[in-house]
Amino acid sequence: MIVVGLSHKNAPVEVRERFAAGKDQEVELLDALKNAGPVGECVFLSTCNRVEVLVAPKPDASPKEVSAAVREVLRRHSGAASAAELDGWLYERRGDDAVRHLFRVAASLDSMVVGEPQILGQVKDAFETAVRHGTVRGPLERCISRAFSVAKRIRTETALGVGTVSISSVAVDLARGIFGSLDASTVLLVGAGEMAEAACRSLGKDAKSIRVTNRSFERAATLAREFGGVASTLDALEAELSLADVVVTSTGATNYIVTAELVRRVMKTRRGRTLFFVDISVPRNVDPEVHRIDNVYVFDVDDLEAQVKEGMRARSQEVIRAEAIVDEELAAFRAWQRSADVKPLVLALRAKVKGALAAELDRSLAGKLKHLGEPEKAALLQLIEGATNRICHAPTTRLKDAASAGDADVLVASVIELFELSEPATSAEPIATERPARLH
Amino acid sequence: MLPDALFSLTALLYVAATASFARYLAAPVDGMDGAKVAEEGRRDVRLGTGLLAGAGVFHAAHVVVFSLVLAVCPVEGIHFPLSVVAMLTVLFFVVLRGRFRIDAAGAVVAPFALSALLASRFVGMNAAPSTQVRSALLPFHVAFNLFGIALFSLACAAAGLYLVQERLLKRKQIFGLFKRLPPLDALDRAEHRFLLAGFPLLTLGILSGTAWAQKVEQGGLSDLLRAGFGWATWLTFAAVLLLRAAAGWRGRRAAWGTIAGFASSLVVLAIYLGRGGPGGHS
């Protein structure tokens, strides 16, 4: 497995927004990746804080080829002139490092806000999109499923998500630093997605009123109804800004929908009342120039990072425990993966044994046992099944144990040699099909 | 003896209050959110406010005892202006801080009161208003102005803290001090209300001062300067209030206007003290 991407840790929001993709673009990118020669499976993850491509190479492809193919797709998507331009921003993880990275991302250990719950949902969304478009089905699928279990285990066994300093909670804290309390403030959500909903849960509970404006009125109305607010479409943005005190923007727009010119007009009608923007969208929805206007404050996701890191320090013990779980799960996954590697050999062994017994039974049924009736024949078939299990049990267990321990090479070679099996492929498919005994 | 003891005790309490608020401001924030910061610092703020309240009471006792010793009405004599302004500022603050949610502004009020109290020891001690300027209007004129300046001191403290908070927000330095100081809008609102309360008093002070000046027919340079700066102060505060109401001048602009007006009022006070009181000769 290979991961190529960039995140809040190595790329500022100006760079991340060049790589970010909406739902439609995600599908296009998955198609582009699927059509890239060496890519076997792929998932495209785009959130406010990271853009990553998770890839399982085709069996005959080298990691280098896969990396080059993914980078080319990302280059075209970001509009960069050359691959070299991206090298400064993109990181790459391979093999165990990639699996560990995925586990950490899903468990929110690599998030800007460590322990925040949204990332798991975002990874699930990306995974489901990939499943729908048929770009994930084999080892990558199993790896991502495992990542979901790891995230769930960390959430259950540690207090990582308890009292999390999230983007929303930082926004609430900032709003309180500006307005004192929110009970006299109107909160406006521009965009009605998952992030807006999360922000509304934090900001909206103390606010005087909630207003939701969105491209689609239906979605705005649904969210507004949930929080007892008022819905409108983006056409009413200027009027809505005149009424709001705290504005949370989280649309998928690729350009600034709140410009400095618009806010200057709005501030005239507001008679200088303070206006606070929390721009949690990537690409950003609010022009950074807006922050220069008197009595207007704009904070985007990067601005909140240091604050969030402060909160993380306080939960460092939980992070250590969560990292230990990731290590443990990674080891377990590797063991499982290795034991899965010998599965074709185990199946081949079973097929060989069962085939030999079935051949002998066929011969006997055609000769000395010709007189047996159907019930007796069925009993004999069951006997073959049981004998196969008993014969193969010990070698199967030894092979799997050795594989889990990463020490199966000698045993694999011995089994192949002793039972005259062909070299097994490292896939879930059996290398030989069982030949069932025929009933005469 | 008693006035000195009260003076020392008051100064000591101001020092303790200043230290308590300084401790609150300097304590590490360590990733706490605003609510947690307020909770952790509540003890220091309460202690500081309590010490300020105690200091205010002893300060008032000192003013009363000292005026009895000197046999001078505090609002008539020129020994007291700085001291009385500091005392009134502290008492107003202690009474109104909760209403405006500006408890942490004690960090400015306490050192201001301490400085004014100490300065009052050295300013105008040997001066007395000339008998020719004594008038029934004088106590009203001085009282209006002292009450007004005390409220403007609080408005100026709120304005100063507003500018600090605003600067921290614009620079996106939202840890530490930002969480310790009162909310931006609370400071803006407090500044506006203190100005609104102080402005009528200043107006009455100016009017009574003008009437009194005509009565005693003064016209020296310092009197003209004092009157000029008095009107400049009035015009500045009037402009701040008017522009806020009419053109939405809030926040930074209003804060700078308030500070300018307060500086102008301090010039009036300085001329008053430097000259040795109304019509006096230092």
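**Exercise 1. Find the largest nonpolar core and name the residues with the most contacts inside it.**

Start with the rule: a nonpolar core is a set of buried Ala, Val, Leu, Ile, Met, Phe, Trp, Tyr and Cys residues joined through C-beta atoms within 7 Å. A residue counts as buried if 20 or more other C-beta atoms lie within 10 Å of its own, as exposed if 12 or fewer do, and as partly exposed in between, with C-beta atoms placed from the backbone. By this rule the largest core holds 192 residues, and A:V248 and B:A158 have the most contacts inside it. Its largest share, 18 residues, comes from helix α5 (residues 137–170) of chain B. From chain A, domain 1 (2–162 + 316–336) and domain 2 (167–311) each give this core at least three residues; the domain bounds come from an automatic or database domain assignment. Apart from this core lies another, of twelve residues, including A:V346 and A:A408.

A word on the ground rules: this is a predicted model, in which local features need pLDDT of at least 70 and side-chain atom pairs count only at pLDDT 80 or more, while totals for chains, interfaces and linings use all residues. Residues are numbered from 1 along each chain as its sequence is written, with chains lettered from A and ligands numbered from 1 in the order in which they are written.

**Exercise 2. List what A:V248 touches, leaving out residues up to four places away in sequence.**

Contact here means C-beta atoms, placed from the backbone, within 7 Å. Among the partners are A:A171, A:V187, A:L189 and A:V190. Further along the sequence, A:V278 and A:I280 also touch A:V248.

**Exercise 3. Describe the secondary structure of each chain.**

Helices (H or I, at least four residues) and strands (E, at least two) are DSSP runs, numbered from the N terminus. Chain A has 17 helices and ten strands. Chain B has nine helices and zero strands. Of the 440 residues in chain A, 46% are buried; for the 282 residues of chain B the figure is 50%.

Notes:
Contact = placed C-beta atoms within 7 Å.
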